[in-house]
Amino acid sequence: MEERIRLIQGDITALQVDAVINAANSSLLGGGGVDGAIHRAAGPGLVEICRLLGGCEVGEAKVTPGLHMPAKYIIHTVGPVWKGGQNGESEKLASCYRSCLEQAKLHDCTAIAFPNISTGIYHFPKELAAGIAIRETRAFLKTNKIPATVTFVCYDQENYDLYKALLNS
Ligand code: ADP
């Protein structure tokens, strides 16, 4: 496995990193899954800050403070809903990873952590999503010094096993 890419299984809200990525919805006002967990961990101030951001487009990213989380920042991105694969889903997911990595660089984040964007409520096929996440991250790290490390945080065993296999190939 590359030195700058890490893999863990667990809850992303507990991580001591500079920025945690949130798989949000376009309202940025909170939801289920990892989004709900991040809002609970950051505290009620997060939705107040998010309200001022005016939402977020699919494939783009917006930054807030981490508030009560150990992470300094939360980078909110909106993944595509899987609708069969003929609606630009893969390109939109790739754009999420690129946008978050760009924001991490702009905010000088040395260590960041990604959840498996779109693979929960949005039903993106997990293996395809993992391949896109790893490809985009590797490409970005090749041409950028910051972030120095990227941790993929898998909540479920299936995603963890997929990432492990792909990162070792
Ligand atoms: P989406 O709407 O983008 O599919 P979800 O939150 O439903 O977002 O799921 C994205 C991924 O986040 C899923 O793989 C899910 O298992 C995972 N997840 C849920 N809770 C957490 C958490 N606390 N930490 C890390 N990952 C989580």
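Which residue stands opposite Ala 19 in S4? Tyr 73 does.

## The model

This is a predicted model: local features need pLDDT of at least 70, side-chain atom pairs count only at pLDDT 80 or more, and totals for chains, interfaces and linings use all residues. Residues are numbered from 1 along each chain as its sequence is written, and side-chain values use heavy atoms, with hydrogens and water left out.

## The sheet

Six strands form an open sheet with mixed pairing. Their order is S1-S6-S5-S2-S4-S3. Strands (E, at least two residues) and helices (H or I, at least four) are DSSP runs, numbered from the N terminus. Two strands pair if DSSP finds at least two bridges between them. Strand S1 (5-9) and strand S3 (61-65) are the edge strands, and each pairs on one side only. On average, neighbouring strands are turned by 25 degrees against each other, direction ignored.

## Strand S4

S4 covers residues 73-78. It pairs with S3 in the antiparallel sense over five bridges. Val 63 has Ile 75 as its bridge partner, and Pro 65 has Tyr 73. S2 and S4 run parallel, joined by six bridges.

In a regular strand, side chains alternate between the two faces of the sheet. Both faces of S4 are covered. Tyr 73, Ile 75 and Thr 77 lie on one side, and Ile 74, His 76 and Val 78 on the other. All are buried, meaning under 20% relative accessible area (1.4 Å probe, protein chains only).

## Helices on the sheet

Helix H3 (residues 89-106) lies across S2, S3, S4, S5 and S6. It runs at about 155 degrees to S4. Axes are lines fitted to C-alpha atoms, for helices over the stretch in contact, and angles run from 0 to 180 degrees between N-to-C directions. Helix H4 (residues 126-143) packs on the sheet and touches S1, S5 and S6. Its direction makes about 170 degrees with that of S6.

## Thr 149

Thr 149 lies in strand S6. Is Thr 149 buried or exposed? It is buried, because its relative accessible area is 14%. Not counting residues up to four places away in sequence, Thr 149 touches Arg 4, Arg 6, Thr 110, Ala 111 and Ile 112. Contact means heavy atoms within 4.5 Å.

## The ligand

Of the 16 residues around the ligand, Asp 11, Val 34, Thr 119, Gly 120 and Ile 121 come nearest. Here a residue counts if one of its heavy atoms lies within 4 Å. A polar backbone atom of Val 34 is 2.8 Å from a ligand oxygen atom. For a backbone N or O atom of Ser 118, the distance to a ligand oxygen atom is 2.9 Å.

Definitions and conventions. Buried < 20%, exposed > 50% of the residue type's maximum accessible area, 1.4 Å probe, protein only. Polar contact = N/O pair within 3.5 Å; in protein donor to acceptor, adjacent residues only side chain to side chain.
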